[in-house]
Structures are given as C-alpha cells and as structure tokens.
Protein chains: 2
Amino acid sequence: MKIYESRTAPNPRRVRMFLAEKGITDIEFIQLDLAGGDNLKPEYLARNPFGKVPWLELEDGTCISETVAICRYFEEMFPEPALMGDTPLQKAQIEMWQRQCEIYFMNQVGMCFQHTTGYFKDRMTPVKEYGVEAGKNAAKFMSRIDAHLADNVYVAGESFSIADVTLLCAVDFARVVQLRITDEHPNLRRWHELVSARASAQA
Amino acid sequence: MKIYESRTAPNPRRVRMFLAEKGITDIEFIQLDLAGGDNLKPEYLARNPFGKVPWLELEDGTCISETVAICRYFEEMFPEPALMGDTPLQKAQIEMWQRQCEIYFMNQVGMCFQHTTGYFKDRMTPVKEYGVEAGKNAAKFMSRIDAHLADNVYVAGESFSIADVTLLCAVDFARVVQLRITDEHPNLRRWHELVSARASAQA
C-alpha cells in the first residue's frame, strides 16, 4: 500500500498518527510538493480527482482519499486498538467530537491560513476578510474545547480516539496563523501535553 | 428518542431520509425556529453546545449532534439495510464520497447561502465576496459529480448509500442560491430523478 502525502501538511499527519496508534508500518509514503502543484498533475488527478492529500492507493490501484475515510479503512481492517469506538453510542460520540474538532476548528484554521496568506492563490481566490473571520471562529473553539476538557481526559471522554488525533494536528497547525494555547486554556494545555507525549505524535 | 430539528433545513432532512431508509419510525421530532434563535437558547446550548440542528436526544438524556454522527448511531444500532457500507473497502469508499459531497458541495452551498444572503447575520459576519466564491466552487462540483455519475448508478457505485442522501439534500437545498441541475448535467439529472423517486426523499 502507498500513501501520497506531504509531510508538513496537517491532514497527512492525522493519517500517520492514526497508523502509528494502530502499529501499522508496512506502508510506502510518497511525498508530493503541494505548493508546486504535484497533486494537480493529470496522472494524479486521474486517480484522485479532487487533488487533495493524503490519498491511499491499494495494491490493486484502488484509491481512497479524504483523511477520515482512509482512517476508516484501517479501523475496519485492523480493529485493535479501536480509535473510532466500540459500541454504537461510543462510535457516534467519537464521530460527533471528531467532526466538531474538524468542522469548527481545523477547517476554520485552514480557511484562515488559505484566505489570509494566499498560499494557494494560484488555484483559489483568497478573501482576506473571510480568513480573518475564520480565525476568530477557530479562537472561539479553543475556549469551548478548553471548557469541555475540564471534565474530560480526552476529547471524546475517557479514551484516546481519532477526535484527539484531529484536535492535536489542528492545534499544532494553528501556529501558522498565530493561534496558540495560552494561559486562558489550562485544560487544553493539560490535554495537549498529555497527547503530545504519545509516540504517535512524532509520526 | 427525540430529534430536535427544523423541517426546512437541509441537515435535518439528511437524518429523516436516513431513518426512512432504515424504516425507523418511533422518534419524536421537535421543531425549532432557527431564524428566531430557538437553537441558541441556554437550555438547549447546555445539551448541544454548538447549537446546530439536528441533534438526537436518547432516553437517558445523552445528546448526539452532527448529522453523520447521528446516522452512525442508527447504522450501528440497526445495521440493515447498510447505508454506510458492509466491507472495510465499501465503508471507506462510501465515507470518501459522503465527505466529498459534503465538503466540496453541501458546505459550499451553505457558505454561499449564509454569506450572500446574510440569513444568520445576527450570529455571524457575512462576507459576500467569499459567498460568491463558495457558489462557484459548488457549481464546479456539479460538473465533476455529473462526470462521475456517467459510470456509476449511485454516488458510491452500485448501491444506494448515505452519500446519495447527502447529495440529494444538498442539490435540492442549492436552489436557494439559484444553483440548479441544467442540460449540462445529464448524468446528475438521471441520478436526481432516480433518487428523488425513493419514498425516503419525502421524509
């Protein structure tokens, strides 16, 4: 199996961390230069039409893109340790928190980055005013998740899950738009130290 | 079980259609006035902190929000008919397509709606220029999915799935921003007629 990715981008890190937690190591990683547009080459778009990284290529050539869909594949193939829940209720609650970290924080950080820096201005139209708003939304989420983490060891409760993977990769990426954990986020800071100490955080 | 929702909003329709496909009927639906801010009342925010509809409330008071997390709960509790896949590969491919319909189309339609109309301007800062860009992104997706549907009966292949639910609710909602299926989308039109004819489309 191969994963096409860029080591410095936040979504590939989510997949690498997920795989490290599962102990899956027999994967070839192929690096693409996103700023240079490697991911938009016709040969790659034929296999991965939306051009986003990472994508997983199976031995038979089947391609799966979208970070959480790739994680789902590995969760179903290698169920232990479960990172997406065991019972129906756990699965739903982990999916809820994963999505909330993704939609209301990681995506907002990404929009702030893309629209305020113009990093991908060769392939999209940055709207700075929107990027600034997205950054405010991301900052609000940090306060909300800080309050939630006062009563929860991990994002989705007592167990480490994919929701923690998403939040860690997003919090660390948020430094590119000057969003950082401060003294106003003591619970988020406690959680960040706990999760950053896992070996998978270095993946 | 109770579901708090608004009948005219697109995300609650996704859940109702999913439940109709499963044949699940013993749920009480409670209508909220989103424009009036019902969903932002303190009593509701205490149970559903992000204030988004729909959310599911179980008998013991546990709340699950985020459309796909609610669907996941019902998929796991009532596996037949499977709407999120059977095998690891099917589950991953359906999740990929569901997410692509959601991220690159439904969310872009929503951003176009919110940022060009100012519908929620009491609770967010609309940036019209960004809304216009989001509408262009949504229009591009309609051409892409039209090409994909030339070779696929349903969005994720041969079987109806949650990806079709997302796309149908998004395509129908897109009329609010004047995005419609045209003669340039013959495959999307074929698919839309097929999926709209299901009883669940009326849910």
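Biologist: I have the structure open. Where should I begin with the sheet in chain A, and in what order do its strands lie?

Modeller: Here is the general idea to start with. Strands of a sheet pair through backbone hydrogen bonds, either parallel or antiparallel. Now for the case before us, which is a predicted model. In chain A, four strands make an open sheet, and reading across it gives the order β2-β1-β3-β4, with mixed pairing.

Biologist: Which strands of chain A stand at the edges?

Modeller: They are β2 (28-31) and β4 (63-65) of chain A. Each has a single partner strand, so one side of each has no neighbour in the sheet. From one strand to the next, the twist averages 20 degrees.

Biologist: Can we zoom in on one pair? How many bridges join β1 to β2 in chain A?

Modeller: Four bridges join β1 (residues 2-5) of chain A to β2(A), and these two strands run parallel. To find one bridge on your screen, look for A:Tyr4, whose partner in β2(A) is A:Ile30.

Biologist: Let me try chain B. What is the strand order there?

Modeller: Chain B has an open sheet of four strands in the order β2-β1-β3-β4, again with mixed pairing. Its edge strands are β2 (28-31) and β4 of chain B, each of which pairs on one side only. On average, neighbouring strands are turned by 20 degrees against each other, direction ignored. Strand β1 (residues 2-5) of chain B runs parallel to β2(B), with four bridges between them. One bridge to look up is that of B:Glu5, which has B:Gln31 as its partner in β2(B).

Biologist: What packs on that sheet?

Modeller: Helix α3(B) does, touching β3 (55-57) and β4 of chain B. The direction of α3(B) makes about 120 degrees with that of β4(B).

Biologist: Now for the two chains together. What rotation superposes chain B on chain A?

Modeller: A rotation of 180 degrees, with 0.0 Å of shift along its axis, and the RMSD is 0.0 Å. That is how a two-fold axis relates two copies. To place the axis in chain B, find B:Tyr130: its C-alpha is the nearest to the axis, at 3.2 Å. Both copies use the same surface, as 100% of the contact residues of chain B recur in chain A.

Biologist: How do I describe that contact surface?

Modeller: The size of an interface is often given as the accessible area lost when the parts come together. Here we can count residues instead: 28 of chain B are in contact with 28 of chain A. On the chain B side, β4 (63-65), α3, α4 (88-117) and α5 (128-149) each supply at least two residues. The largest share, ten residues, comes from α4(B). Sorted by class, the chain B side has 15 nonpolar, four polar and nine charged residues.

Biologist: And how do α4(A) and α3(B) pack against each other?

Modeller: Check the angle, then the distance. Helix α4 (residues 88-117) of chain A and helix α3 (residues 67-77) of chain B pack at about 165 degrees, with axes 8 Å apart. An angle over 145 degrees counts as roughly antiparallel, so α4(A) is roughly antiparallel to α3(B). The crossing is right-handed.

Biologist: Which residues meet there?

Modeller: Among them are A:Pro88, A:Leu89 and A:Arg99 in α4(A), and B:Val68, B:Tyr73 and B:Met77 in α3(B). By class, this contact has nine nonpolar, no polar and five charged residues.

Key:
Residues are numbered from 1 along each chain as its sequence is written. Chains are lettered from A and ligands numbered from 1 in the order in which they are written. This is a predicted model: local features need pLDDT of at least 70, side-chain atom pairs count only at pLDDT 80 or more; totals for chains, interfaces and linings use all residues. Two strands pair if DSSP finds at least two bridges between them. Axes are lines fitted to C-alpha atoms, for helices over the stretch in contact, and angles run from 0 to 180 degrees between N-to-C directions. Copies are superposed by least squares on the C-alpha atoms of residues with pLDDT of at least 70 in both. Two residues are in contact if their C-beta atoms, placed from the backbone, lie within 7 Å. Angles under 35 degrees count as roughly parallel, over 145 as roughly antiparallel, 65 to 115 as roughly perpendicular and the rest as oblique. A crossing is left-handed if the near helix is turned anticlockwise from the far one by less than a right angle, and right-handed if clockwise. Ala, Val, Leu, Ile, Met, Phe, Trp, Tyr, Cys and Pro count as nonpolar, Asp, Glu, Lys and Arg as charged, and the others, Gly among them, as polar.
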